[in-house]
Amino acid sequence: MEQLLGFALYMVAVTSVFCILAMSLDLQAGGCGLMNFGQVAFMLLGAYTTAIGVNADINPYACMVLSMIVAAIFGVLMSLTVKNMSGTYWGILSLSAAELIRLIFLNERWLADGANGLSVLVTLPYLHLTIFVSMLLVYLLMRTIWRSPFGRVIRMIREGDRLPLALGKNVLLFKAETMAIGGAVGGLAGSFYALLNSYISPDDGLPIETFIVWAMIVVGGRGNVFGVIIGTVFVQFLFVGTRFLTNIISINPDILSALRLGLIGVLIMAVMMWRPQGLLPERKRIYRI
Amino acid sequence: MNLIQVIINSLITSAELGLIAIGLSMTFAILRFANFAHVEAAVMGAYLGFLFNVVFGWNLFLSALFAVALMGGVGCLFHRYIFKRVAGTGDVTPMIVSLGLAIAIRSGLQAIWGPQHKIYDYEILPGKMVFGAFITFPQIGILITAVAAMLGFYALLQFSRIGKAMRATSANVELAQACSIDTEKVILFVWFLGTAFAALGGFMIAWDTQLDPYLGFNLVIPIFCAVLIGGVGSIQGAIIGALIVGFAQNFGLAVNFAPLIGLFGLIDVPADISLPGAYKPAITYLAVVLLLLIRPTGITRKEL
């Protein structure tokens, strides 16, 4: 019973981590229209910053803040590459950039022990609760951003650069700010990821992780913060729940793990084909006169 | 490693990449979205070839032919049942759909064939020494096939009616329709041809090295890099792009950077600084980032 409760707690925490990551991506993609296919880089940077920091005897809470700063800086660097690039091209660029980050962590053994990964040997009191509460705080932050003038401007940018430019908005600055916030939130998710699993390796930063997060926001509904949480919970339960199918039907675990990933792919396709706005579509606010 | 060997290796990498890249470039230009599933279609074609060649025990040439033709048909099915539904919704929705399809194909292949490496069954003939460089028998076959296929593709595009219709559709869909070109048919043909070329490229790579479900994973970015360098929709461009990527990958590893970093003797550096082999993919990733930074809308400055 205690084991089951522990697992349930862990699941809540992991799902919360992915909720944070998905909300970060939703701010960029659903909010500002930045097709970030390198979202996992934020997580990887955040997780490695925390891991390296903890191993260097820095206070874990300070490490969380450091992770956010590092990932936010990377976000701003990424935003410098946007310029007036179309969504498709920037998508390919961000995918490449994230892979570069992963390759560096994989090959620079002096930095983070290469493929072996780093252990994060620290136990924080109430870590699961901290993560859950942080997720709620990020949710509130996103809601606030969404309703703020800033949120209105980035949604306008999403629909094309011309109108905001005509209104005198500094589009690049807004994109940089979006990427900074998205990066900081993604870095926090990465930091939690490392602390929760007590381990981080370059394999946690494969592009497929980005696409799983994409599945979460696509299923839930891009541009609807609550929908994104629903989508994350849905995908996470589907993905984790199917892992235990081996106990029910006799199936080779290798085949099952491949099929589980395939399910994510089919899910992305099916949602985009039949319900492109997601389970909970973005709500358009109408200002009645 | 001697220079001729590096050049030959680069040419072979370029030939393999080029076959996949020209198909992608064509579909990119006409369908106007980045088809991430294109590269996985190449791997799927390679596995179909394996099915015919090893499981059914057919001749290698025959298996390649059937696999390529069949994959062309599969490409048409992708269009008919998947991408046609999301046509006209901008470039983002089909791109995300293609991502989903890519994941589904890769996982499906892994579920069916397992993660082990596979090799084709063919009569092994001795390789040749050319100017002091070694070239294996499959590599000779790949070079010949690739050159023939690319010339054929170019001729088709330049001289045939359907090729003309394809170029018209890629330039302007509405105008092409106004000239009574059946653009739907053209798009279907592009799917057929593009996917068939991808399958041919995948087959060649698997023949040269080995076949595993992660083959496509390492190809996505180099292929897109080749297409973007050459300019979307340009066949010659895609081939030049593939040559640049192929040479950059092989030369990037073979070059000793010590003189460059040491400013030719001004600074004391170790005698041999070359890029570690593990960074081979990084060369193309970096190339993509730099390329898109210098030309934000792509080399051809074409709005997508």
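This is a predicted model: local features need pLDDT of at least 70, side-chain atom pairs count only at pLDDT 80 or more; totals for chains, interfaces and linings use all residues.
**Entry: helix α9 of chain B**

With that in hand I looked up what covers the buried residues of α9(B), and the list includes α4 of chain A together with α1 (3-31), α2 (37-55), α10 (235-254) and α12 (280-294) of chain B. Helix α9 spans residues 220-230 of chain B and is mostly covered, eleven of its eleven residues being buried; among them I noted Val220(B), Ile223(B), Phe224(B) and Cys225(B). Just after α9(B) I found Gly231(B), which takes a positive phi of about 95°.

**Entry: chain B as a whole**

I recorded twelve helices and two strands in chain B, and from the N terminus on their order is α-α-α-α-β-β-α-α-α-α-α-α-α-α. Of the 304 residues in chain B, 49% are buried. When I took the contacts in chain B between residues at least 6 apart in sequence, 75% of them turned out to join residues at least 24 apart.

**Entry: where the chains meet**

How many residues of chain A are in contact with chain B? I found 36 residues of chain A in contact with 41 residues of chain B. On the side of chain A that touches chain B, the elements giving two or more residues are α4 (87-107), α10 (207-220) and α13 of chain A. By class, the residues of that side divide into 23 nonpolar, ten polar and three charged.

I then took up one helix pair across the two chains, in which α13 (residues 253-274) of chain A packs with α4 (residues 92-113) of chain B at an angle of about 160°, the axes being 7 Å apart. Because angles over 145 degrees count as roughly antiparallel, α13(A) is roughly antiparallel to α4(B). I noted the crossing of α13(A) and α4(B) as left-handed. The residues that meet include Ile264(A), Gly265(A) and Ile268(A) in α13(A), and Ile96(B), Leu99(B) and Gly100(B) in α4(B). This contact of α13(A) with α4(B) has 17 nonpolar, seven polar and no charged residues.

**Entry: the core**

The largest nonpolar core has 187 residues, and those with the most contacts inside it are Ala215(A), Ile268(A), Ile20(B), Ile223(B) and Val288(B). Helix α8 (residues 183-208) of chain B gives the most to this core, with 16 residues.

**Entry: single residues of chain A**

Apart from neighbours within four places in sequence, Cys63(A) is in contact with Thr49(A), Thr50(A), Gly53(A), Val54(A), Ile58(A) and Ser191(A).

I also checked backbone angles, since most residues other than glycine have a negative phi. Tyr126(A), in the loop between β1 (118-119) and α6 (127-147) of chain A, has a positive phi near 55°, and with 9 other C-beta atoms within 10 Å it is exposed. Ser198(A) lies in the loop between α9 (171-197) and β2 (199-200) of chain A, and has a positive phi of about 55° although it is not a glycine. With 14 other C-beta atoms within 10 Å, Ser198(A) is partly exposed.

Conventions. Residues are numbered from 1 along each chain as its sequence is written. Chains are lettered from A and ligands numbered from 1 in the order in which they are written. Axes are lines fitted to C-alpha atoms, for helices over the stretch in contact, and angles run from 0 to 180 degrees between N-to-C directions. Helices (H or I, at least four residues) and strands (E, at least two) are DSSP runs, numbered from the N terminus. Angles under 35 degrees count as roughly parallel, over 145 as roughly antiparallel, 65 to 115 as roughly perpendicular and the rest as oblique. A crossing is left-handed if the near helix is turned anticlockwise from the far one by less than a right angle, and right-handed if clockwise. Two residues are in contact if their C-beta atoms, placed from the backbone, lie within 7 Å. Ala, Val, Leu, Ile, Met, Phe, Trp, Tyr, Cys and Pro count as nonpolar, Asp, Glu, Lys and Arg as charged, and the others, Gly among them, as polar. A residue is buried if 20 or more other C-beta atoms lie within 10 Å of its own, exposed if 12 or fewer, and partly exposed in between; C-beta atoms are placed from the backbone. A nonpolar core is a set of buried Ala, Val, Leu, Ile, Met, Phe, Trp, Tyr and Cys residues joined through C-beta atoms within 7 Å.
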